[in-house]
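Here is a briefing on one protein model. Look over the sequence and the structure, then read the points below.

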Amino acid sequence: MSWPTPEVPARVASDAEVPAGARRVAMGAIAAGWVVAATYARGTYPYPKLGPRVVDSLALRMWRGRQRAVAVWQDAKFDLAYTWSDQHPIVKHNVTTLRAALSGAP
């Protein structure tokens with residue numbers, strides 16, 4: 001199955017493209033010593049029950065030493081987040097547990 005070409009392939013996000021919730025998570029992560037990179041994309045997403053639709057997505061990719069985290073917003077709403085390291089398995093988070101994980105000691 002071929003998928004439509006994204007309207008906007010993933011690229012560095014402008015400040016205007018970062019939702020307020022993502023901005024708060026990023027600022028907290030930076031304060032706790034994480035490096036944060038935000039990317040924006042716009043393209044078709046395969047919603048199982050609704051069918052495909054075009055969405056704006058913002059991903060925060062974060063790292064601190066050997067720790068990694070990623071969080072995604074779709075259409076300015078929090079969607080998913082994960083943290084992991086070579087010492088810890090992948091953990092799925094909601095926005096509240098993500099903030100706690102990012103603010104913890106390295």
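Arg64 touches Ala32, Gly33, Trp34, Leu102, Gly104, Ala105 and Pro106, leaving aside residues up to four places away in sequence. Contact here means heavy atoms within 4.5 Å. This is a predicted model, where local features need pLDDT of at least 70, side-chain atom pairs count only at pLDDT 80 or more, and totals for chains, interfaces and linings use all residues. Residues are numbered from 1 along each chain as its sequence is written, and side-chain values use heavy atoms, with hydrogens and water left out.

- Arg64 lies in strand S3. Helices (H or I, at least four residues) and strands (E, at least two) are DSSP runs, numbered from the N terminus.
- Is Arg64 buried or exposed? Arg64 counts as buried, at 9% relative accessibility. The cut-offs are these: buried means under 20% relative accessible area, exposed means over 50%, and partly exposed is in between (1.4 Å probe, protein chains only).
- A polar atom of the Arg64 side chain lies 2.8 Å from the backbone oxygen of Ala32.
- The side chains of Arg64 and Gln67 make a polar contact at 2.8 Å. A polar contact is a pair of N or O atoms within 3.5 Å; within protein, one must be able to donate a hydrogen and the other to accept it, and residues adjacent in sequence count only if both atoms are side-chain atoms.
- Arg64 and Val12 are 52 residues apart along the chain, and their C-alpha atoms are separated by 19 Å.

**The sheet**

- Six strands form an open sheet in the order S1-S2-S3-S4-S5-S6, with antiparallel pairing. Two strands pair if DSSP finds at least two bridges between them.
- Which strands sit at the edges? They are S1 (8-12) and S6 (91-93), and each pairs on one side only.
- From one strand to the next, the twist averages 20°. Axes are lines fitted to C-alpha atoms, for helices over the stretch in contact, and angles run from 0 to 180 degrees between N-to-C directions.
- S3 (residues 51-64) and S4 (residues 67-74) run antiparallel and are joined by eight bridges. Leu58 has Trp73 as its bridge partner in S4.
- Helix H1 (residues 20-31) packs on the sheet and touches S2 (35-47), S3 and S4. The direction of H1 makes about 15° with that of S3.
- Helix H2 (residues 95-103) also packs on the sheet, touching S3, S4, S5 (77-85) and S6. The direction of H2 makes about 35° with that of S5.

- Three bridges join S1 to S2, and the two strands run antiparallel. Arg11 has Tyr40 as its bridge partner in S2.
- How many of the five residues of S1 are buried? The count is zero, and S1 is hardly covered.

**Salt bridges**

- Side chains of opposite charge can pair when their charged atoms come close. A salt bridge is a side-chain nitrogen of Lys or Arg within 4 Å of a carboxyl oxygen of Asp or Glu.
- The whole structure holds five salt bridges.
- Arg42 pairs with Glu7 in one of them, with the closest N and O atoms 2.8 Å apart. Arg42 is in S2 and Glu7 is in the segment before S1, 35 residues apart.
- Arg42 is partly exposed, at 25% relative accessible area. Glu7 is exposed, at 52%.
- Asp56 also forms a salt bridge with Arg42, at 3.0 Å between the closest N and O atoms. Asp56 is in S3 and Arg42 in S2, 14 residues apart. Asp56 counts as partly exposed, at 26% relative accessibility.
- Arg66 and Asp86 meet through their side chains in a salt bridge (2.5 Å, N to O). Arg66 lies in the loop between S3 and S4 and Asp86 in the loop between S5 and S6, so the pair ties together parts that are 20 residues apart in sequence.
- Arg66 is exposed, at 63% relative accessible area, and Asp86 counts as partly exposed, at 45%.
- Glu7, Arg42 and Asp56 belong to one network, joined by salt bridges that share partners.

**Positive phi in a loop**

- Most residues other than glycine have a negative phi.
- Asp75 is not a glycine, yet its phi is positive, at about 50°. Asp75 sits in the loop between S4 and S5 and is partly exposed, at 27% relative accessible area.
- Ala76 is also found in the loop between S4 and S5. Ala76 has a positive phi near 70° and is exposed, at 56% relative accessible area.
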